[in-house]
Amino acid sequence: KRLFAVLLEELNLLVKKGDWDPAFALTKRLAATYATPAEQNEIARPLASLIHTALTQAPDEKHKALARKRLMLMEDLFPNNAALDDSAEVLRKEARSLIAEARKELEANASKPTAERIERIGKLLNEIEQVSPNEPDLRTLQMMQTNKHPTLRVGVRELPTRMSPALAGSDSDLRAVELMF
C-alpha cells in the first residue's frame with residue numbers, strides 16, 4: 001500500500017509538470033501491477049484530469065487532436081473507467097454540435113445543392129469522425145451523403161496528367177477522359 005501511494009505521488013508530480021510520456025509509461029506499469037477496480041480508478045484519475053484539461057483548454061486543433069489520441073490510449077488501457085467519462089463527454093458534446101451542423105447543411109443541400117455545401121458536409125463528417133469515431137449518428141449522416149452524392153473511385157497505376165481528349169496519351173489519361181466524357 002505504501003509503495004502504491006508513493007508511485008501515485010510520483011504519477012501526480014509527473015502530471016503536474018505536464019510530462020505526458022513518462023506519466024503514461026508509469027501509468028501503464030501501474031495498471032499492469034495493480035488490477036483491482038479501485039486501484040485502476042486511482043491510477044487513471046491523474047492522467048484523465050490532464051486529458052480533460054487539454055481537451056477543454058487546447059489552444060489549437062493540433063493540441064486537441066493530440067488530447068483525443070491520448071484519451072483513446074487511456075480508454076484502451078482502462079476500458080469503461082469512470083475517471084475518463086468527463087473527457088469522453090466533452091468529445092460527445094462536440095460531436096453532437098457538429099452533427100447538428102451537418103444535418104442543417106444536408107437539409108440546405110437537399111433543397112439547393114451546391115459544390116461548396118457538399119465540400120462543407122464532407123469536412124464536417126471528417127471532423128466528426130476525428131472527434132468521436134463511434135458516434136452512432138455519424139454513419140447515418142455518411143450514408144445520407146453518399147446516397148445523395150455518390151463518389152466513383154477508380155484504381156489506376158498512375159494519376160492522369162492530361163484530361164483533354166485531344167492530348168490524352170497514357171492509359172490513365174485515356175481512362176479518365178473516357179469516364180468524364
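Residue D85 is placed in helix α5, where a helix is a DSSP run of H or I with at least four residues, numbered from the N terminus. At 42% relative accessibility, D85 counts as partly exposed, because this label covers values between the limits for buried (under 20% relative accessible area) and exposed (over 50%), with a 1.4 Å probe and protein chains only. The model is predicted, so local features need pLDDT of at least 70, side-chain atom pairs count only at pLDDT 80 or more, and totals for chains, interfaces and linings use all residues. Residues are numbered from 1 along each chain as its sequence is written, and side-chain values use heavy atoms, with hydrogens and water left out.

D85 also belongs to a negative surface patch, together with E75, D76 and D86. The elements that give two or more residues to this negative patch are α4 (61-77) and α5 (85-111). Patches are made of residues with over 30% relative accessible area and no salt bridge; like charges are joined within 9 Å, and nonpolar side chains (Val, Leu, Ile, Met, Phe, Trp, Tyr) within 5 Å. Asp and Glu count as negative and Lys and Arg as positive, while His and the chain ends are not counted. The place of a charge is taken as NZ of Lys, CZ of Arg, CG of Asp or CD of Glu.

The text now turns to pairs of opposite charge. A salt bridge is a side-chain nitrogen of Lys or Arg within 4 Å of a carboxyl oxygen of Asp or Glu. By this rule the count comes to twelve salt bridges. One of them joins the side chains of K64 and E94, at 3.8 Å from N to O. Because K64 lies in helix α4 and E94 in helix α5, the pair ties together parts that are 30 residues apart in sequence. K64 is partly exposed, at 22% relative accessibility, whereas E94 is buried, with a relative accessible area of 18%.

A salt bridge also links the side chains of R120 and E101, at 2.0 Å from N to O. R120 lies in helix α6 (residues 115-131) and E101 in helix α5, so this pair ties together parts that are 19 residues apart in sequence. R120 is partly exposed, with a relative accessible area of 33%, and E101 counts as partly exposed at 29% relative accessibility. Salt bridges that share partners join E89, R92 and R96 into one network. Within it, the side chains of E89 and R96 meet at 3.4 Å, N to O. E89 is partly exposed, at 25% relative accessibility, and R96 is partly exposed as well, with a relative accessible area of 41%.

V131 and R92 are 39 residues apart in sequence and 7.9 Å apart in space, C-alpha to C-alpha. V131 is buried, with a relative accessible area of 4%. Not counting residues up to four places away in sequence, V131 touches R68, L91, E94, A95 and L98; contact means heavy atoms within 4.5 Å.

S132 lies in the loop between α6 and α7. Its relative accessible area is 11%, so S132 is buried. Leaving aside residues up to four places away in sequence, S132 touches L91, A95 and L138. The C-alpha atoms of S132 and A82, 50 residues apart along the chain, are separated by 18 Å.

Helix α7 (residues 136-148) contains Q145. Q145 counts as buried, at 9% relative accessibility. Residues up to four places away in sequence again being left out, the contacts of Q145 are L106, I118, I121 and L125.

A nonpolar patch on the surface is formed by L152, V154, V156, L159 and L179, with about 510 Å² of accessible area together. Accessible areas come from the Shrake-Rupley method with a 1.4 Å probe, and for residues, only the protein chains shown count as cover. V156 is found in the loop between α7 and α8 (171-180), and V156 counts as partly exposed at 38% relative accessibility.

N80 is not a glycine, yet its phi is positive, at about 60°. N80 lies in the loop between α4 and α5 and counts as exposed, at 84% relative accessibility.
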